[in-house]
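Subject: Handing over a structure, with notes

Dear colleague,

I am passing on the structure below, and my notes on it follow. Please look through the sequence and the fold before reading on.

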Amino acid sequence: MHRLNVVASLLIAVAMLTTPAAAAMQPARTLEVWTHEFPPLQDAMTKKWIPEFEASHPGVKVKMTAIPFAGVVSFDAKLLAALSSGGGPDFWDMGDWNYRTFLDNNYLAPLDPKVFGYSSSRDMIDAYLPGTTDIFVRGGNLYGLFSESNTLALFYNLDMFDAAGIPALPSDRPVSWTQIQDIGAQLRRTDDNGAPTQIGYQFGFFANFRSAQWYAQNFYELMRQYGQDDLYIGGKPAAQTDAVRQALQVIYDFTFTSKAYDPTFLNNWFADFPQNRVAMVLAGTWMVPAMRANNPNVRFGVAPHPVVNPDDRSTYKNIQWSWGWSVNANKPSDQQQLSQEFLAFILGKNGESTQPAWWFSNLGYMQPSKSFLASGAYTEKLATDPWLKQWVDAYTTYDIGYVQHSYDEAGSALVRAIDRVVYEQVTPEESARLLQGELERLSS
Amino acid sequence: MSSSASRADPREHPLIPRETKYGLFFVSPSILFFLVFWIAPVVLALYYSLTNWKIGPNATFVGLRNYADLLIDPRFRQATLASAELTGLAVASTVLLALGLAVLLNDDALPGNRLFKVLIILPVVTDWVATGLVWQLVFLPNRGVLPGLFSLVGLRAWMGLGWTSTSSLAPMAIALFIIWKTTGLYAIIFLAGLKGIPRHFAEAAVVDGATGWQVFQQITLPLLRPISVFVVVTAFVTTVGLFEPVFMLTGGGPADATRVLPIFLYETFFQFHNGGYASAAGVLFLLLCLAFAFGAARVMRYSFYE
Amino acid sequence: MRHFQGRIVRYVCLTLYGAFSVMPLAWMVSAAFKRPQDVLTIPIRWVPPVWQPGNFVQALLEPRFSGSSLLTFALNSIFVAVVTSLASIILSSFVGYGFAKFRFRGRDPLLWAMLSTTLLPFSSVIIPLYLIMRGLGLLDSLWALIVPLALTGQTIFLARQFIVSLPSELMDAARVDGAGELQIFGRIMFPLLGPAIATLGILTFLVSWNQFLWPLVVLSSQDHFTVPLGLSLMGLGSTFLVDYHLWMAAATLAVVPPLVFFLLLERPYLRGLETLSGLKE
């Protein structure tokens, strides 16, 4: 009995010692922030912004969590689950597709223009390019502010192009999807066993990266270029249309006809391209620091977003998406205030352009803020990296819009429709038919 | 209170016998746990399954609508089929393999017997995620361990197979992972069962001229019936409820090919925030397992009447 | 002669399966020592051409999970598993004693009810369980991981089976001497439980350490994550970083504690399994 006591006490002591140090030095104030996993963003926060904010606000500690957003453990789901139970972080960044639901459920706090140096919300909204803040606005207030705003342009690997003798793509005129596939077919290389060693094109979704956002984006840009804006027309499911079928057909052709795309070959979003395993990919400005981390010497060119028909301006459609920083409306008001101060600190107040310039040069994160785009910092950066123009020009050259369905049930049905085409070689007609059935069932 | 020696034990309550009082006292934590962690969840699931609850605070009664919707929902049907396919494949293989291993191990004089036992149990004590990371790399097309083994034996054409991205192959891949991870456990249980069969049964039969196979078929197997039922039921219930191996290898894809019931449930609530629907699916899932368990108990009762 | 052939067949079959059983783990350990470029080579190199044991240090200590490292997760896992095992030992013996040594109406149906819970898959009740935890205010805390596993049908059954086999005379004698029931439990019964404690301990430890779905549902702050949950942040489709050698090093570290425990307590563990299948009456 005695020995048992001793053993039990020892074990309890071990347990006590390994207890996470909740009792340890508790700082005066703690801010909890969640971000989606994007290594340059995490580095920016942990290496620069959090230390600087903590230094200028003694007694405040900022705790950051990064959550992967592809796969079953989805960032959005965790966020919504936490908020719906009254918890969650003090502030976070999230994709534009969440704003409608979160606003409907009153999870977001309106941003106080005074904290950001504006006299009113109207002024704050007007500081950005028209239309870009639409998804953050409700009832005249801003509920989110840009972490980044994105469109897509085409990166292509100059080393791989040169090695195959393919000339650089024009930078003032988009090429067609057919041309992309031709180039892609030329750039496909296999080894003696027939296994691919390099391929031509990367869609944003592949076997090891099943992000609903990327499935939706790459699909919607095609569907819109073929003339249909959304999977629903007039509120009714419209998947058995020519536009949807044609969009799926493009994806089918990339995978099976020209074999420019190979979903099981691609492995790493930010390493395959700079390490010369894939030659072309649609991405945003954030791609540059991310891929340079995997190959500092990558040589690339940037061309405008491909279109169905370069001679027909009505096919010049591109998509945009934004990540926005938002504040938890269910936290005590002093926490909310501190969160907003942090955001003003990292994003810049009215008239400050050092922060947007920093985000832009270091992460390629663009704020469509009028003052930033007119600033010296921006024009200097443009001089050193002229290809950055592609993204800014896109706002005028292309018809740009947000994607309506990605992470909801309709988006999930779209993912399955594309999976059927890509992994099971189901014909576009058949897959579209099944998609229509699923969408109709969802609406009933 | 008088204290004459002839009086009953003073701790005896006049109405409640001591044994009952203290028995219930000691057993009470389990009653509490049972109520909080089994009865309450089932009741809650039943309750929410009859509402249209999403994720917020509102829930209105809608009767059996969720159940009706589930039964005609092709995705729920697909989840059930995927579960049935994966579970059937994995359980059948595991049980047969485990039985075979137990027979092989049922020889105490075999040198190295203990080592073999340890080797086959090793996967059982590990966790699904750590080993899942390994098996992801086992199945990686063209570069993984399995393609490496294929190239070793000259099956180069098979190296490019997408085990986890092809709907016809993915269930087999996951089943292989499950078999690897769980067979050892059941082998040990079968072994204990075999050891419990008195040797003179088999010996007498051999004296009467029976072959080893006949002995196995007509003496050993019937005597193993109760243990077999236990193993099959346990294997079934465990496997059908598995989330981890599917999550690690395919996440439910491609499309819905491996979206088994646990993944369907998790997704419906934690991704699509459809609480009432998910609760109804959970209830149906429970009923399915109960049905299987009762069916197996029936079989077991039958076997005693032979 | 036939006997010898039979032996050979046994050996061959057992060796084949043993190899199958061990191979993925062996590959994992070998990959854990490799440089990134050596992990996935065709043909497979079982012995690393260049040994890089630093992988383990990096996998354990690098704060790659936004400030948390595998060590953080390991400490959480250890805390949860140890506390759960201790709680389970005490509670299961307590309850098992009640079932084993006392007769009362409804005892056997109640025991069957406890056992019946093992017939139902946990993943079917995660949603209401999540709500209950939310109601108790235990979401995102390690206690949410400890409490549900502190007492299970299996551990109750195990404890009961063992206690049934203990002689009742000691307890009866103590009662005659006027000892209280709790004293009898603590001073007389519990010390006799030695082997059962080991079995309960290792079974609960393994179940607690290896759990994934429940922590996935219940935890959201990364610094509360346990090892399996932390590991799931790695892996294909979960992360942008494809540093396989570190994944394998982390996986190796993750299986070491359960393996060590198992090897130390192999006999009680196996005996526990046999008892659970109803073979040891």
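How many bridges join strand 1 of chain A to strand 2 of chain A, and do these strands run parallel or antiparallel? Eight bridges join strand 1 (residues 29-36) to strand 2 of chain A, and the two run parallel; strands here are DSSP E runs of at least two residues, and helices are H or I runs of at least four, both numbered from the N terminus.

Before going further, please note that this is a predicted model, in which local features need pLDDT of at least 70 and side-chain atom pairs count only at pLDDT 80 or more, while totals for chains, interfaces and linings use all residues. Residues are numbered from 1 along each chain as its sequence is written, and chains are lettered from A and ligands numbered from 1 in the order in which they are written.

Those two strands of chain A belong to an open sheet of five strands with the order 2-1-3-15-6 and mixed pairing, where two strands pair if DSSP finds at least two bridges between them. The edge strands, which each pair on one side only, are strand 2 (60-67) and strand 6 (145-150) of chain A. Within the bridges to strand 2 of chain A, Trp34(A) has Thr65(A) as its partner.

Chain A as a whole has 17 helices and 16 strands. Its radius of gyration, taken over C-alpha atoms, is 24 Å, close to the 22 Å from the globule rule (2.2 Å times the number of residues to the power 0.38) for 444 residues, so chain A is as compact as a globular protein of that length. The C-alpha atoms of chain A fill a box of roughly 75 × 65 × 55 Å along the principal axes.

Turning to chain C, helix 7 (residues 153-164) has twelve residues and reaches 16 Å from its first C-alpha to its last, close to the 16 Å expected at 1.5 Å a residue, a span defined as 1.5 Å times one less than the number of residues. Eleven of the twelve residues of helix 7 of chain C are buried (20 or more other C-beta atoms within 10 Å of their own, with C-beta atoms placed from the backbone), so this helix is largely enclosed by the rest of the structure. Among them are Phe157(C), Arg160(C) and Phe162(C). What covers the buried residues of helix 7 of chain C includes helix 1 (18-49) of chain B, together with helix 3 (70-101) and helix 10 (194-210) of chain C.

With best wishes

Conventions:
Contact = placed C-beta atoms within 7 Å.
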